[in-house]
Amino acid sequence: MIGIIGGSGLYEIESLKVVDRLSIDTPFGEPSSEVVVGELNGRRVCFLSRHGKGHVYPPHLVPYRANLWALRKLGVSRVLAFSAVGAINRRFEPGDFVIVDDLLDFTKGRESTYYEGKFSLKVEDKDRVGELLNSNKVVHIDSSQLYCPQMRSLLAEVLEDLKLTYHPSGVYACTEGPRFETPAEIRAIERLGGDVVGMTGYPEVVLARELTMCYASLCVVSNPAAGIARYRLTSEEVISLMKKKEEEIRAILVEFIRRVPQEKTCGCDRILDGAQV
Ligand code: HPA
């Protein structure tokens, strides 16, 4: 099943035929919202709102571990995440889509792994993840390809066919927030190779990967980043741009879900092989 995580401005999917609304408890706490299980063109999907109903979880306090665990518990094996981002790359403009292909992490001390060795939470799961947690293993996952190549190329095909403006790759820099960045921070991130900046991409992607799920991040540029914009950044600007993109996002979702094959050719589910110490 595909799990969709909606970011700022995407709190539900209107065309989803709702089958169930589930409040899921996890060993890592409560997810940020109920999970809506539904059907989109006959395919089963589930949807979770990253910031919760009423946008009550700021980026640094999103229960990322609970969110990904809840999706996995429902049988999600591919996660498609949407986020608003500021553009650092001068070729990226508000309204453009970006299919992220790498990450720079500037967050500070978020809970960013399930595998805490002797401090790991014990779980009921009997699978590989459960075994690693219950046997106190230390696990280092490979991060050289965090974003699923199969999902990324399908996203590119869909965006191409829908004639939307998009960038097939981009480095996502994740800052701690909740404030927007300073111009000096953006200049520094630009020199380090960041193309877009947001506050929620990490540790979400890593946690999905630790649970062996495929993960892709489709970002919508909502504003030029601080200092590149010659004006004051506001949350209003971010949300209002995302609202304008709602129709397009729905079209992308419908097409993506219709085309996604059952079979995986990416190897994402083998990430735990050789990862434990
Ligand atoms: N910075 C950080 N996060 C964001 C931005 C930004 O400029 N725009 C949307 N999310």
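Predicted model: local features only at pLDDT ≥ 70, side-chain atom pairs only at ≥ 80, totals over all residues.
The space that the ligand takes up is the largest pocket. Around the ligand stand Ala84, Val85, Gly86, Phe180, Glu181, Val197, Gly198, Met199, Ser222, Asn223, Leu233 and Val238. Sorted by class, this shell contains seven nonpolar, four polar and one charged residues. Three strands, β5 (78-87), β10 (196-198) and β11 (214-224), each contribute at least two residues to the shell. Of these, β5 provides the largest share, with three residues.

In the side chain of asparagine 223, an N or O atom is 2.7 Å from a nitrogen atom of the ligand. For glutamate 181, a polar side-chain atom is found 2.8 Å from a ligand nitrogen. Alanine 84 takes part through its backbone instead, where a polar atom is 3.4 Å from a nitrogen atom of the ligand. As for cover, the ligand taken alone exposes 260 Å², and the protein buries 95% of that area.

One of the salt bridges links glutamate 204 with arginine 50, and the closest N and O atoms of the two are 2.8 Å apart. Glutamate 204 belongs to helix α5 (residues 204-210), whereas arginine 50 sits in the loop between β4 (43-49) and α1 (64-73), so this pair ties together parts of the protein that lie 154 residues apart in sequence.

Glycine 177 and proline 178 are joined by a cis peptide bond, with omega at about 0 degrees. Proline 178 is part of the loop that runs between β9 (171-175) and α4 (183-192). Another cis peptide bond leads from tyrosine 202 to proline 203, and here omega is near 10 degrees. The loop between β10 and α5 holds proline 203; β10 is also one of the strands that supply the shell around the ligand, and α5 is the helix that carries glutamate 204 of the salt bridge with arginine 50.

A further backbone feature occurs at asparagine 41, which has a positive phi of about 55 degrees although this residue is not a glycine. Asparagine 41 lies in the loop between β3 (35-40) and β4.

Definitions and conventions
Residues numbered from 1 in each chain as written. Heavy atoms only, no water. Near = heavy atom within 4 Å. Polar contact = N/O pair within 3.5 Å; in protein donor to acceptor, adjacent residues only side chain to side chain. Areas by Shrake-Rupley, 256 points an atom, 1.4 Å probe, with all protein chains shown as cover. 1 Å grid on protein atoms, 1.4 Å probe; cavity = no way out; pocket = protein on both sides within 12 Å on 5 of 7 lines; lining within 4 Å. Sits in = over half its atoms within 2 Å of the grid points. Helix = DSSP H or I, 4+ residues; strand = E, 2+ residues; numbered from the N terminus. Nonpolar A, V, L, I, M, F, W, Y, C, P; charged D, E, K, R; others polar. Salt bridge = Lys/Arg side-chain N within 4 Å of Asp/Glu carboxyl O.
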